[in-house]
Amino acid sequence: GARLPYDPLKDFAPIALAATQRNVVVVNPSLPVRSVQELVAHAKAHPGKLSYGSAGNGSSQHMSGQMFMKQAGVMLTHVPYRGSSPAITDLLAGNIQLMFVDLPAAIGHIRAGKLRPIGVTSLQRSPALPEVPTVAEQGLPGFQVTAWFGIFAPAGTPQPIVDELSRRVLAIMQRPHVRAKLEGLGADPVAMPPAEFRKFMVAELDRWAALVRDLGVRLD
């Protein structure tokens with residue numbers, strides 16, 4: 001598998017976990033599916049014929065698709081792009097049929113009726129799309145992929161500076177207009193201080209490493 005050129009736990013000092021975001025399963029409206037069950041049935045009837053795009057190998061979009069294939073017992077064809085934008089462009093054009101895309105990148109197209117959402121990849125529904133059920137509640141219990149956004153300083157930053165930066169970031173994250181802006185984009189505001197954030201990171205890195213091993217995914 002691919003190695004990162006840095007160690008996220010050793011090379012950075014966590015300041016705060018700012019937000020998490022879920023992916024949403026979206027299909028081109030020409031695809032005759034309106035739920036995860038219908039997507040699974042369609043994929044089983046046409047094995048390997050449905051293509052899903054992602055922002056690249058190893059992205060949360062790629063891993064969502066791999067996890068979906070494993071849990072649903074279906075075969076989809078993965079098409080990696082260099083980032084979300086070209087993948088979404090091809091999805092809108094019908095060159096690929098579906099994506100497990102981060103909600104902020106898709107929400108404008110969903111609201112415009114250009115993409116059809118059929119499930120979200122978190123265990124709870126999104127406040128931005130409350131009518132869209134989770135993948136987990138549509139027959140794939142425990143299905144969960146969320147991305148997260150943290151703020152870091154270089155490793156070795158003096159603790160008083162880390163504490164001050166953290167205090168300021170957490171204060172900003174509590175402001176109602178900041179929270180409302182993030183929620184409007186489909187992200188979930190979080191305000192997690194450094195020690196908790198480090199524990200969260202360790203758990204997430206372990207979970208993803210286990211998932212990559214379990215799925216046998218090559219990330220290079």
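Reader: How many salt bridges does a search of the whole structure find?

Author: The structure is a predicted model. A salt bridge is counted where a side-chain nitrogen of Lys or Arg lies within 4 Å of a carboxyl oxygen of Asp or Glu. By that criterion, the search of the whole structure gives a total of six.

Reader: Which residue forms a salt bridge with Arg 167, and in which helix do both lie?

Author: The closest N and O atoms of Arg 167 and its partner, Glu 164, are 2.8 Å apart. These two residues are three positions apart, about one turn of the helix. The partner is therefore Glu 164, and both residues belong to helix α5.

Reader: Is Arg 168 buried or exposed?

Author: Arg 168 forms a salt bridge with Glu 164, with the closest N and O atoms 2.8 Å apart. The relative accessible area of Arg 168 is 52%. Because the cut-off for the exposed class is over 50%, Arg 168 is exposed.

Reader: Is Glu 204 buried or partly exposed?

Author: Glu 204 forms a salt bridge with Arg 207, the closest N and O atoms being 3.2 Å apart. Arg 207 is partly exposed at 31% relative accessible area. For Glu 204 the value is 11%; because buried means under 20%, Glu 204 is buried.

Reader: Which residues do salt bridges that share partners join into one network?

Author: Glu 204 and Arg 207 both lie in helix α7, three residues apart. Through shared partners, salt bridges join into one network Glu 164, Arg 167 and Arg 168.

Definitions and conventions:
Residues numbered from 1 in each chain as written. Predicted model: local features only at pLDDT ≥ 70, side-chain atom pairs only at ≥ 80, totals over all residues. Heavy atoms only, no water. Helix = DSSP H or I, 4+ residues; strand = E, 2+ residues; numbered from the N terminus. Buried < 20%, exposed > 50% of the residue type's maximum accessible area, 1.4 Å probe, protein only.
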